Amino acid sequence: MAIMKLAIAGAGGRMGRTLTRIVRGAQGFMIAAGFTRAGSAYIGKDMGVLAGIGEIGVRVESDARAAIAEADGVIDFTRPAATAALSALTARAGIVHIIGTTGLDEDHEQAIETAARRTPIVKSGNMSLGVTVLSEIVRKVSAMLDKDFDIEITEMHHRHKVDAPSGTALLLAAAAAHGRGVRLDERASYARTGHIGKRIRGDIEFASLRGGSVVGEHSVIFAGDGERLELVHRAQSRDIFARGALKAALWAREQKPGLYSMSDVLRPGGR
């Protein structure tokens, strides 16, 4: 199979640098380009130097359209508005778009869904293979345990994370809601403060913690009378998200236009 040429969005950021290092060391891939927002101090810098692996001869650009011109796919862990705009460009170019961006609102989601009519897009709140498997387990457990088991989702991330709950927490909550046969937007409860009364039976509740350099920790708790089941995932390195994104990119290259998830990527036989 031909080497897959990738463009990395947000090339100067934490995930952009991680992706540069992982793609550079992976067989079957090459870095076609890297780009970031106009005015960034990273423009013109060698991506390898930024990633701590030495010069690779690819410099960060500001023109996304030019950066993706020679690419087979884009890996995108950036900001919601940037991802929505980029999806229109990848759709026009007809190249794979792998989206790990979180905090998307309805307008962003609609833009991505529109783009997916023209090109393969894999979008997930978490590109980790372990979290993808966990979400399937959560769905099955939720279907087996009735509303006598309260569902609580806790997550902790580094102090710089700007959205809450995390995309992973929402992904796991959606799996739990699917298992229960309910709509998450009707049963989600995002905060507790003050005298709010007792817990509402059947709600899916969240707790978000921020501090230090925590990459990501998530727990899904099924709390019944006299027993509690906890399903936990701890991310110890951003490398896991990059490796998952590469697996998604290879898989998506063989797919028809459409909006896919990491569960589709890992499911035997495809979607």
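**Helix 4 and onwards**

Analyst: This is a predicted model. Helix 4 (residues 80-93) has 14 residues, and at 1.5 Å a residue these should span 20 Å; the C-alpha atoms at its ends are 20 Å apart, so the two values agree.

User: Which residues of helix 4 are buried?

Analyst: They are P80, T83, A84, L86, S87, L89, T90 and A91.

User: And what do the buried residues pack against?

Analyst: The buried residues of helix 4 pack against strand 1, strand 2 and strand 4 (73-76), as well as strand 5. Helix 3 (64-67) and helix 5 (106-115) are also packed against by these residues.

User: Why does T83 count as buried?

Analyst: Buried means under 20% relative accessible area. T83 has 0% relative accessibility, so T83 counts as buried.

User: What is T83 in contact with, leaving aside neighbours within four places in sequence?

Analyst: T83 is in contact with D76, T78, H97, I99, T101 and I112.

User: How far apart are T83 and G100?

Analyst: In sequence they are 17 residues apart; in space, T83 and G100 are 9.3 Å apart, C-alpha to C-alpha.

User: What comes just after helix 4?

Analyst: G94 does, and G94 takes a positive phi of about 70 degrees.

User: Now the core. Which residues touch the most other members of the largest nonpolar core?

Analyst: That core has 34 residues, and the ones touching the most other members are L6, M47, I75, F77, I98 and V122.

User: Which elements give two or more residues to this core?

Analyst: The strands are strand 1 (4-9), strand 2 (29-35) and strand 5 (96-99). The helices are helix 1 (14-25), helix 2 (47-51), helix 9 (239-252) and helix 10 (262-266). Helix 9 gives the most to this core, with 8 residues.

User: What about another core?

Analyst: Another core, of 19 residues, lies apart from the largest one, and its members include V141, F149, A176 and I204.

User: Do the strands touch through hydrogen bonds, or what makes them pair?

Analyst: Strands of a sheet pair through backbone hydrogen bonds, either parallel or antiparallel.

User: Which sense does strand 9 use with strand 7, parallel or antiparallel?

Analyst: Strand 7 and strand 9 are parallel and share 7 bridges. I151 stands opposite I204 in strand 9. Strand 8 also runs parallel to strand 9, with 2 bridges joining them, and A188 has I204 as its bridge partner in strand 9.

User: How many bridges join strand 10 to strand 11?

Analyst: There are 9, and strand 10 and strand 11 run antiparallel. The bridge partner of I221 in strand 11 is E230. The hairpin of these two strands has 2 residues between the strands, and G226 takes a positive phi near 85 degrees there.

User: Where is the cis peptide bond?

Analyst: A cis peptide bond joins A164 and P165, with omega about -5 degrees. P165 lies in the loop between strand 7 and helix 7 (167-180).

User: Last topic, aromatics. How many aromatic pairs are there?

Analyst: The count is 2 aromatic pairs. In one of them, Y190 and F206 are stacked, at 4.9 Å centre to centre with 20 degrees between the planes. Y190 lies in the loop between strand 8 (188-189) and strand 9 (204-210) while F206 lies in strand 9, so the pair ties together parts 16 residues apart in sequence. Y190 is partly exposed, with 45% relative accessible area, whereas F206 counts as buried at 5% relative accessibility.

User: And how are the rings of W251 and Y260 placed?

Analyst: Their centres are 5.0 Å apart and their planes are at 85 degrees, so the pair of W251 and Y260 is edge-to-face. Both W251 and Y260 are buried.

Note on methods
Residues numbered from 1 in each chain as written. Predicted model: local features only at pLDDT ≥ 70, side-chain atom pairs only at ≥ 80, totals over all residues. Heavy atoms only, no water. Phe/Tyr/Trp six-rings, centres within 6.5 Å; stacked < 30°, edge-to-face > 60°. Helix = DSSP H or I, 4+ residues; strand = E, 2+ residues; numbered from the N terminus. Buried < 20%, exposed > 50% of the residue type's maximum accessible area, 1.4 Å probe, protein only. Core = buried A, V, L, I, M, F, W, Y, C linked by side-chain atoms within 4.5 Å. Pairing = 2+ DSSP bridges. Expected span 1.5 Å × (residues − 1). Contact = heavy atoms within 4.5 Å.
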